[in-house]
Amino acid sequence: MTHQHSPRFLKIVDDTRKRIHEVTIDDVKAKVDRGEKFLLIDVREESEYATDHLPGAIHLGKGIIERDVEQRVPDPETPIVLYCGGGFRSALAADNLQKMGYTRVLSMDGGIRGWREKGFALTNAVSRFAL
């Protein structure tokens with residue numbers, strides 16, 4: 001499914017990308033495979049997260065991450081990788097977390113759609129708790 005984003009939205013994302021650090025899907029997969037310690041945060045809507053998400057990811061949606069991140073991630077030095085559907089919302093969230101003092105924030109360019117296209121593992125709330 002291709003998403004058509006408005007020109008104004010794309011303009012703010014392009015501006016944001018000048019200030020943040022992005023990583024590829026393969027970079028994130030390599031971090032996972034090496035067992036690197038980092039917090040993986042899905043910034044999509046709760047219903048999207050419930051459908052499927054990257055293994056080990058927690059949910060802090062773009063609409064609430066700035067409000068709730070300090071409770072969930074009190075140490076601003078925590079390594080964080082954010083992702084969304086395609087890398088746009090995660091870029092915006094990364095910019096805001098940096099403004100809040102988080103120093104080790106990365107945004108996964110390509111998002112879960114790219115992860116899915118590569119055939120990498122996904123999970124969901126049902127499979128996570130299946131017996």
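Student: Where is the place of Val 73?

Tutor: Val 73 is found in the loop between helix H4 (65-72) and strand S4 (80-83). Helices (H or I, at least four residues) and strands (E, at least two) are DSSP runs, numbered from the N terminus. Please keep in mind that this is a predicted model, in which local features need pLDDT of at least 70 and side-chain atom pairs count only at pLDDT 80 or more, while totals for chains, interfaces and linings use all residues. Residues are numbered from 1 along each chain as its sequence is written, and side-chain values use heavy atoms, with hydrogens and water left out.

Student: Does Val 73 count as buried or exposed?

Tutor: The general idea is a set of cut-offs: buried means under 20% relative accessible area, exposed over 50%, and partly exposed in between (1.4 Å probe, protein chains only). Val 73 has 3% relative accessibility and therefore counts as buried.

Student: With which residues is Val 73 in contact, leaving aside its neighbours within four places in sequence?

Tutor: Contact means heavy atoms within 4.5 Å. On that basis, and with those neighbours left aside, Val 73 touches Leu 39, Thr 78, Ile 80 and Tyr 102. Val 73 and Tyr 102 are 29 residues apart in sequence, and their C-alpha atoms are 9.5 Å apart in space.

Student: How is a sheet read, and what is the order of the strands here?

Tutor: Strands of a sheet pair through backbone hydrogen bonds, either parallel or antiparallel. Two strands pair if DSSP finds at least two bridges between them. Here, five strands form an open sheet in the order S1-S5-S4-S2-S3, and the pairing is parallel. Strand S1 (22-23) and strand S3 (58-59) are at the edges with a single partner strand each, so one side of each has no neighbour in the sheet.

Student: How many bridges join S1 to S5, and how many join S4 to S5?

Tutor: S1 and S5 run parallel and are joined by two bridges; in S5, Met 108 is the bridge partner of Val 23. S4 and S5 also run parallel, with three bridges joining them. In that pair, Ile 80 stands opposite Val 105 in S5. A crossover is right-handed if, with the strands pointing away from the viewer, the path from the first strand over the helix to the second runs clockwise.

Student: Which way do the residues of strand S5 point?

Tutor: In strand S5 (residues 105-108), Val 105 and Ser 107 point one way, whereas Leu 106 and Met 108 point the other way; all are buried.

Student: What can be said of the pairing of S2 and S4?

Tutor: S2 and S4 pair in the parallel sense over four bridges, and Leu 40 has Val 81 in S4 as its bridge partner. Strand S2 (residues 39-42) is also joined to S3 by two bridges, and these strands run parallel. Across that pair, Ile 41 is the bridge partner of Ile 58 in S3, and Asp 42 stands opposite His 59. S2, H3 and S3 make a right-handed β-α-β unit.

Student: Where does His 53 lie?

Tutor: His 53 lies in the loop between helix H3 (46-51) and S3, and its 0% relative accessibility makes it count as buried. A polar atom of its side chain lies 2.8 Å from the backbone oxygen of Tyr 49.

Student: How many salt bridges does the structure hold?

Tutor: Side chains of opposite charge can pair when their charged atoms come close. A salt bridge is a side-chain nitrogen of Lys or Arg within 4 Å of a carboxyl oxygen of Asp or Glu. The structure holds 15 salt bridges. One of them links Asp 33 with Lys 29, the closest N and O atoms being 2.8 Å apart. Asp 33 and Lys 29 are four residues apart in helix H2 (residues 25-34), so about one helical turn separates them. At 54% relative accessibility Asp 33 counts as exposed, whereas Lys 29, at 21%, is partly exposed.

Definitions and conventions
Polar contact = N/O pair within 3.5 Å; in protein donor to acceptor, adjacent residues only side chain to side chain.
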